[in-house]
Amino acid sequence: MFGCLVAGRLVQTAAQQVAEDKFVFDLPDYENINHVVVFMLGTIPFPEGMGGSVYFSYPDSSGMPVWQLLGFVTNGKPSAIFKISGLKSGEGSQHPFGAMNIVRTPSVAQIGISVELLDSLAQQTPVGNAAVSSVDSFTQFTQKMLDNFYNFASSFAISQAQMTPNPSEMFIPANVVLKWYENFQRRLAQNPLFWKT
């Protein structure tokens, strides 16, 4: 019913069923994992009105599991990418896996999926930093570079009265830099690959 994928590792499709409506995947060497993809295999859909809450569990310093809600998958949203690298030091949240007697190893984390009502899923609040940005890294880099350049260039802005004439130096009006910045942002928002044409 479910699959779990970590970059550089084989896809896991054999979830351990720990209750009628609960499944777990082991994540060995979890300290080196940044993102996890959880997806439905497409063979068995959720029953009508149901979905799956996705949890991340890692052992705390005493070896006890700390569970954190990452998000959910449903028939309408059959896959999700979660960033777990920043969660390993966070606090746990309320979860449905507390009463389970799940066998675990100290260096192994787990992804848990709990089949629940869609109404219940809508009421849950995932850990804030588990969501992966929907903006690709190139667009994110370009946006940061634009902001940095504009802020850097603006920090040297002076008024015309403050200028000391120097015939060997060229000056670019700040409004020209601002116009370029706004145009580049607009074009990047319309098509992140516009610069290739």
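Let us begin with S114, whose side chain makes a polar contact of 3.5 Å with the side chain of K22. This is a predicted model, so please read every distance here as computed from that model. S114 sits in strand β8, which spans residues 108–117.

**Charged pairs**

The side chain of K22 forms a salt bridge with that of D21, at 3.1 Å from N to O. Are the two residues of this pair buried or exposed? K22 has a relative accessibility of 9% and therefore counts as buried, whereas D21, at 30%, counts as partly exposed.

How many salt bridges are there by this rule? The count is two. The other pair to look at joins R9 and D29, with the closest N and O atoms 4.0 Å apart. This pair links distant parts of the chain, 20 residues apart: R9 lies in the loop between β1 (2–5) and β2 (16–19), and D29 in the loop between β3 and β4.

Here are the relative accessible areas of the residues met so far.

| Residue | Relative accessible area | State |
|---|---|---|
| K22 | 9% | buried |
| D21 | 30% | partly exposed |
| R9 | 31% | partly exposed |
| D29 | 37% | partly exposed |

Most residues other than glycine have a negative phi. The phi of D29, however, is near 55°, a positive value in a residue that is not glycine. The loop that holds D29 runs between β3 (22–28) and β4 (35–40).

**The overall layout**

Now step back to the whole protein, which has three helices and eight strands. Read from the N terminus, the order of elements is β-β-β-β-β-β-β-β-α-α-α. What share of the contacts with a separation of 6 or more joins residues 24 or more positions apart? In this protein they account for 72%.

**Inside and outside**

Of the 197 residues, 30% count as buried. In soluble globular proteins, nonpolar side chains tend to be buried together. Here the largest nonpolar core has 27 residues, and those with the most contacts inside it are F2, L27, V36, F56 and I111. Which elements build this core? At least two residues come from each of β1, β3, β4, β5 (50–59), β6 (65–73), β7 (79–83) and β8. There is also a second, separate core of five residues, including L146, Y181, L188 and F194.

Which residues make a nonpolar patch on the surface? F138, F141, M145, L193 and W195 do, with about 510 Å² of accessible area together. One of these, W195, is found in the segment after α3 (174–190). With a relative accessible area of 44%, W195 is partly exposed, and patches are made of residues with over 30%, so W195 passes that cut-off.

Methods: Residues are numbered from 1 along each chain as its sequence is written. This is a predicted model: local features need pLDDT of at least 70, side-chain atom pairs count only at pLDDT 80 or more; totals for chains, interfaces and linings use all residues. Side-chain values use heavy atoms; hydrogens and water are left out. Patches are made of residues with over 30% relative accessible area and no salt bridge: like charges are joined within 9 Å, nonpolar side chains (Val, Leu, Ile, Met, Phe, Trp, Tyr) within 5 Å. Accessible areas come from the Shrake-Rupley method with a 1.4 Å probe; for residues, only the protein chains shown count as cover. Helices (H or I, at least four residues) and strands (E, at least two) are DSSP runs, numbered from the N terminus. Buried means under 20% relative accessible area, exposed over 50%, partly exposed in between (1.4 Å probe, protein chains only). Contact means heavy atoms within 4.5 Å. A polar contact is a pair of N or O atoms within 3.5 Å; within protein, one must be able to donate a hydrogen and the other to accept it, and residues adjacent in sequence count only if both atoms are side-chain atoms. A nonpolar core is a set of buried Ala, Val, Leu, Ile, Met, Phe, Trp, Tyr and Cys residues joined through side-chain atoms within 4.5 Å.
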